[in-house]
Amino acid sequence: MTCPDALLLDAYFDRELDAAGTLAIEHHLADCAICTVAHAQNGSLRSELRAHATYYRAPSARRQAWLDTLSGSQPSPLAAPFANSLAGAQGTRDTARMIPGLWRTRWSKRSYWTGAASGAIAASLFAVGLLFSPTSPSTNALASDLVDAHVRSLMSQRLIDVASSDHHTVKPWFAGRADVAPPVDDFPKQDFHLVGGRMDFIDGHRAAVVVYRHGAHIINVFAWPAQTPAFNSMLERNGYHLLCWRDGTLNVCAISDTAPSELRTLQALMAPSSGSRENL
Amino acid sequence: MLGTSSPLRASNRRSVICDGHAEDASIDSSERRVRFEQQALPHLDAAYNLARWLTRSDTEADDVVQDALLLALRGIESLRGDNAKAWLLAIVRNCYLTHLRKHLPHARVTDSLDDAQVAAPMLFSDDDPEAALVAEHRARSFDEALRALPRAYREVVILRELEDLPYREIAEVIGVPIGTVMSRLARARSALKSHWLRTVEGERA
């Protein structure tokens, strides 16, 4: 019996699963004492928190003071003068970013911009520059992308699109779908079992994902074409380890909740030459 | 009415944490006020609760909420659908981050995706929730344990367990994918559970 991922059990507890997912977990809970305990602990923790952690209600005296301030603020006494060039532009942009949905609303209202002084034009040019500047995603964004893709794959039913432990099946499967031919091999002797492959989307590219099982852990190995190496060294994000290396023109990133040393072992198996060089 | 503000009036305000220009000329102020009172004000307690847990201070929470309400009033036309609570809480959280940047100018305060990298020793003891709670061995109550959690974890617990928001809305408030919400929530819960068990055992011993 294989226990579901802890995140899946939490999602069940939080009533975030669909009917099929809910049934599957209920079925599992009927048989598994460990998961039943974990699920019950979630419930106890919630009861304890709701009973004993302070819920800070807005103090009634302050409530009135806030509302008075708001009344005094109409119309908008705090707004920086709009024509105040870049300072104004900065304020506009920052404020717009702080209110969900505002940026989009404002952007479509051209009359709003053209009606304002020249500072507004500076503001919009500034904003366009921000929106479209070709900055490559930072390491953090990429790492988060990879973690999210990994978690999604475990959560949903689409861990694999092609299920096979035969690399002669998996590798050709990618041929018609991916922009790249990822390294695909099976390493049963070292306990890295090829499970299959799927397509995903990473860093603006279609990425080929080769899925391995190592003990009870799933390892997703993403490969996508990129001009520049992803990031060096092992990263840890939210309990997952990420190891990236360069394979020709490909960025290859392995991610799992397994130990870092296991990822290095897999890297050494998949790209024997990269381990002796340095991790790109 | 745009751009006619007076610096004198602005200086009357006790604190300007997240000032700026957000008012839309296309809605008149009474309509804005009505929508604000109907849609945003019902979530005032939630706004204060989040601000209070983020800042861990009465006065700072007060400032953050005041600024968030002002922004919410000005930007009310951006609120669509039925997610007023998540919308207001996202503004509260943004005001809190601005507040941090102003009060800790030397700290590297980054937004959501970089939470684990935040380096502000006064407020973020560690990016590991478990380690933070072990270090805070004197935390006898859930309040103390929650206060000791790093912010990235504290906020998901508050939003999920105290505010009862679904994952999707927590993701909106924090501005991260749902997968990130889930993993943070799992780590926060795991840390709180262990801490709780340790506390219970300590009391027995």
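User: Which residues does B:Trp87 touch?

Analyst: Contact means heavy atoms within 4.5 Å. In this predicted model, B:Trp87 touches A:Ile99 and A:Pro100 of chain A, and B:Ala40, B:Ala72, B:Gly75, B:Ile76, B:Ser78 and B:Leu79 of chain B, not counting residues up to four places away in sequence. Residues are numbered from 1 along each chain as its sequence is written, chains are lettered from A and ligands numbered from 1 in the order in which they are written. Local features need pLDDT of at least 70, side-chain atom pairs count only at pLDDT 80 or more, totals for chains, interfaces and linings use all residues, and side-chain values use heavy atoms, with hydrogens and water left out.

User: How many residues does the largest nonpolar core have?

Analyst: A nonpolar core is a set of buried Ala, Val, Leu, Ile, Met, Phe, Trp, Tyr and Cys residues joined through side-chain atoms within 4.5 Å. Buried means under 20% relative accessible area, exposed over 50%, partly exposed in between (1.4 Å probe, protein chains only). The largest core here has 102 residues. B:Trp87 is among those with the most contacts inside it, as are A:Leu146 and A:Trp224. Helix α5 (residues 84-103) of chain B gives the most to this core, 11 residues. Another core, of 27 residues, lies apart from it and includes A:Trp173 and A:Phe192.

User: Which residues of helix α11 of chain A are buried?

Analyst: Helices (H or I, at least four residues) and strands (E, at least two) are DSSP runs, numbered from the N terminus. An α-helix has 3.6 residues a turn, so residues three or four places apart point the same way. In α11 (residues 260-270) of chain A, the buried residues are A:Leu263, A:Leu266, A:Gln267 and A:Met270. They lie on the same side of α11(A), because they cover an arc of only 105 degrees around the axis; the arc is that of the directions from the helix axis to the C-beta atoms.

User: How many residues of helix α1 of chain A are buried?

Analyst: Seven of the eight residues in α1 (residues 6-13) are buried. Among them are A:Asp10 and A:Phe13.

User: Is A:Asn42 buried or exposed, and what does its side chain meet?

Analyst: A:Asn42, in helix α3 (residues 33-52) of chain A, counts as buried because its relative accessibility is 1%. A polar contact is a pair of N or O atoms within 3.5 Å; within protein, one must be able to donate a hydrogen and the other to accept it, and residues adjacent in sequence count only if both atoms are side-chain atoms. The side chain of A:Asn42 makes one with the side chain of B:Lys193 (3.0 Å).
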